[in-house]
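Here is a friendly walk through one structure, from its helices to its pocket and its charged pairs. Please keep the sequence and the 3D view open as you read.

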Amino acid sequence: MFGEKAMEEICERINLEAALRRVRANRGGPGVDGRTVDELPEYLKANWPSIKEQLLSGEYPPRPVKGVEIPKPGRKGKRRLGI
């Protein structure tokens, strides 16, 4: 479990901006909510104070994970990967 200090660092603007740049660079697709990377900045502008408060208080309700199946390296079959 993350400590309080770690969560504060995660929530710092510079870290969030770096994470968004990485998702864009990887051409990240929509999550289970269907929200695209391009829609995220506007959503966060409107909702970030509430989300940050919930994260720092430990009350943020995580969303379901988007699952995909990827091939197993060097073997037949696939494995489930949560994104």
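## Helix α1 and its residues

Isoleucine 10 counts as partly exposed, at 36% relative accessibility (buried means under 20% relative accessible area, exposed over 50%, and partly exposed in between, with a 1.4 Å probe and protein chains only). This residue lies in helix α1; helices are DSSP runs of H or I with at least four residues, strands are runs of E with at least two, and both are numbered from the N terminus. From isoleucine 10 to glycine 31 there are 21 residues in sequence and 20 Å in space, C-alpha to C-alpha.

Before going on, a word on the source: this is a predicted model, in which local features need pLDDT of at least 70 and side-chain atom pairs count only at pLDDT 80 or more, while totals for chains, interfaces and linings use all residues. Residues are numbered from 1 along each chain as its sequence is written, and side-chain values use heavy atoms, with hydrogens and water left out.

Glutamate 4 is also found in helix α1, and at 60% relative accessibility it counts as exposed. Glutamate 4 and proline 30 are 26 residues apart in sequence, and their C-alpha atoms are 29 Å apart in space.

## Salt bridges

How many salt bridges does a search of the whole structure find? The search gives 3, where a salt bridge is a side-chain nitrogen of Lys or Arg within 4 Å of a carboxyl oxygen of Asp or Glu. As a general point, side chains of opposite charge can pair when their charged atoms come close.

One of the bridges joins lysine 5 to glutamate 9, with 3.6 Å between the closest N and O atoms. The two residues are 4 apart in helix α1, so about one helical turn separates them. Lysine 5 is exposed, at 58% relative accessibility, whereas glutamate 9 is partly exposed, at 38%. In helix α2, arginine 13 and glutamate 17 are likewise 4 residues apart, about one helical turn, and their side chains meet in a salt bridge at 2.9 Å, N to O. Here arginine 13 is exposed, with 66% relative accessibility, and glutamate 17 is partly exposed, with 36%.

Another salt bridge pairs arginine 35 with aspartate 33, where the closest N and O atoms are 2.7 Å apart. Both partners fall in the partly exposed class: arginine 35 has 27% relative accessibility, and aspartate 33 has a relative accessible area of 45%.

## The loop between α2 and α3

Arginine 27 lies in the loop between α2 and α3, and its relative accessible area of 74% makes it exposed. Its phi is near 55°, a positive value in a residue other than glycine. For context, most residues other than glycine have a negative phi.

## Helix α3

Where does α3 bend? The bend, about 70°, is at asparagine 47, and proline 49 follows within four residues; the angle is taken between axes fitted to the seven residues ending there and the seven starting there. After α3 comes glycine 58, with a positive phi near 80°.

Tyrosine 43 has its place in helix α3 and is partly exposed, at 27% relative accessibility. Leaving aside neighbours within four places in sequence, tyrosine 43 is in contact with Arg35 and Ile51, contact meaning heavy atoms within 4.5 Å. Tyrosine 43 and glutamate 9 are 34 residues apart in sequence and 21 Å apart in space, C-alpha to C-alpha.

## The largest pocket

The largest pocket has a volume of about 1700 Å³. Of the 37 residues that line this pocket, Val23, Leu40, Tyr43, Leu44 and Tyr60 are the closest to its centre. The elements giving two or more residues to the lining are α1 (4-10), α2 (13-25) and α3 (40-57), and α3 supplies the largest share, 9 residues. By class, the lining divides into 22 nonpolar, 6 polar and 9 charged residues; Ala, Val, Leu, Ile, Met, Phe, Trp, Tyr, Cys and Pro count as nonpolar, Asp, Glu, Lys and Arg as charged, and the others, Gly among them, as polar.

On a 1 Å grid over the protein atoms alone, a pocket is an open set of points where a 1.4 Å probe fits, with protein on both sides within 12 Å along at least five of seven lines, and lining residues have an atom within 4 Å of a point. Grid points are joined across faces, edges and corners, and the volume is the space filled by probe spheres set on the points.
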